[in-house]
Amino acid sequence: MAKTAAGSFPRLMPDASELGLDVYHLGYHSAESYGATPYLINDKESGINILIDTPRYNSKLITTIKERFGGVDYIYLTHVDDIAEHVKFADAFGAKRVIHESEAHAELAMTSYSGAGIEECEIKLEGQGPWEVFPGVSAKVYYQPGHTIGHTVLVYKDTVAFTGDHLAKVRQTGNLDAFTAYCKFSLEEQANSLDILNEEVGRTVKLVLPGHGRAYRTDFLYDDLHEAVQRMRADLDEGIVRQTSN
């Protein structure tokens with residue numbers, strides 16, 4: 001059964017497909033990345049493929065990606081924790097890794113698998129962006145410190161936000177949530193960052209794809225995210241840290 005399930009990846013994500021986008025769930029979740037979800041953007045207009053964070057290294061998956069998509073050009077790393085074996089993937093595809101420079105320090109990683117080689121990432125974003133990193137691809141990277149000091153969010157075609165550990169749908173409530181119990185840097189910064197992100201893309205993004213938590217499909221992200229930040233700030237004022245899980 002496990003082999004059959006693994007063989008179904010990469011799997012086109014229905015919510016993304018309905019929006020006319022080729023975004024794939026890669027499966028092969030890695031325990032060293034705390035089971036985070038990895039994704040692949042197959043941008044047909046530019047011919048560029050972007051890996052979002054990293055799955056467990058698997059030679060069959062590597063071969064399948066090369067055969068179906070021609071490989072990977074860039075590996076976008078949302079932050080330093082959900083990227084175990086990123087060096088192996090970069091070597092296997094000859095891909096350039098993208099991460100914010102403040103995040104590219106091994107001592108910030110929660111596992112040695114993520115921290116190893118992080119200083120050698122080929123593209124280190126500087127400043128506060130946003131950045132257009134991928135030639136010919138309609139995508140921007142937004143600086144979103146909070147969960148970690150240099151967390152970023154990738155927004156593709158103004159429609160899909162790859163949010164890492166910054167924002168997700170919570171299974172227990174069905175609401176957007178910032179996983180405040182797992183913040184490594186600053187909850188106040190995270191709330192501020194989410195406000196800025198909402199003003200930038202809240203009126204166009206229709207799908208949130210997180211590293212942890214559930215995907216969130218909405219036509220009203222601006223309102224939904226505003227409410228999520230209000231809840232977050234109310235909890236901060238009351239000193240409440242909610243134990244949510246993905």
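**A surface patch and a buried histidine**

Mentor: L108, I149 and F185 make a nonpolar surface patch of about 230 Å². Such a patch joins nonpolar side chains (Val, Leu, Ile, Met, Phe, Trp, Tyr) within 5 Å, from residues with over 30% relative accessible area and no salt bridge (a Lys or Arg side-chain nitrogen within 4 Å of an Asp or Glu carboxyl oxygen); areas are Shrake-Rupley values with a 1.4 Å probe.

This is a predicted model, in which local features need pLDDT of at least 70 and side-chain atom pairs pLDDT 80 or more, while totals for chains, interfaces and linings use all residues. Residues are numbered from 1 along each chain, and side-chain values use heavy atoms, without hydrogens or water.

I149 sits in the loop between β8 (139-143) and β9 (152-156); strands are DSSP runs of E, at least two residues long, numbered from the N terminus. I149 is partly exposed because its relative accessibility is 34% (buried is under 20%, exposed over 50%).

Now to H100, in strand β6 (residues 96-100). H100 is buried, since its relative accessibility is 3%. Beyond four places in sequence, its contacts (heavy atoms within 4.5 Å) include W131, Y143, G150 and T152. A polar atom of the H100 side chain lies 2.8 Å from the backbone oxygen of G127.

β6 belongs to an open, mixed sheet of 7 strands, ordered β1-β2-β3-β4-β5-β6-β7. β1 (11-12) and β7 (123-125) are at the edges with a single partner strand each, so one side of each has no neighbour in the sheet. β6 and β7 run parallel, joined by 3 bridges (pairing takes at least two DSSP bridges). I99 stands opposite K124 in β7.

Notes: Helix = DSSP H or I, 4+ residues; strand = E, 2+ residues; numbered from the N terminus. Buried < 20%, exposed > 50% of the residue type's maximum accessible area, 1.4 Å probe, protein only. Polar contact = N/O pair within 3.5 Å; in protein donor to acceptor, adjacent residues only side chain to side chain. Patch = residues over 30% accessible without salt bridge, like charges linked within 9 Å, V, L, I, M, F, W, Y side chains within 5 Å.
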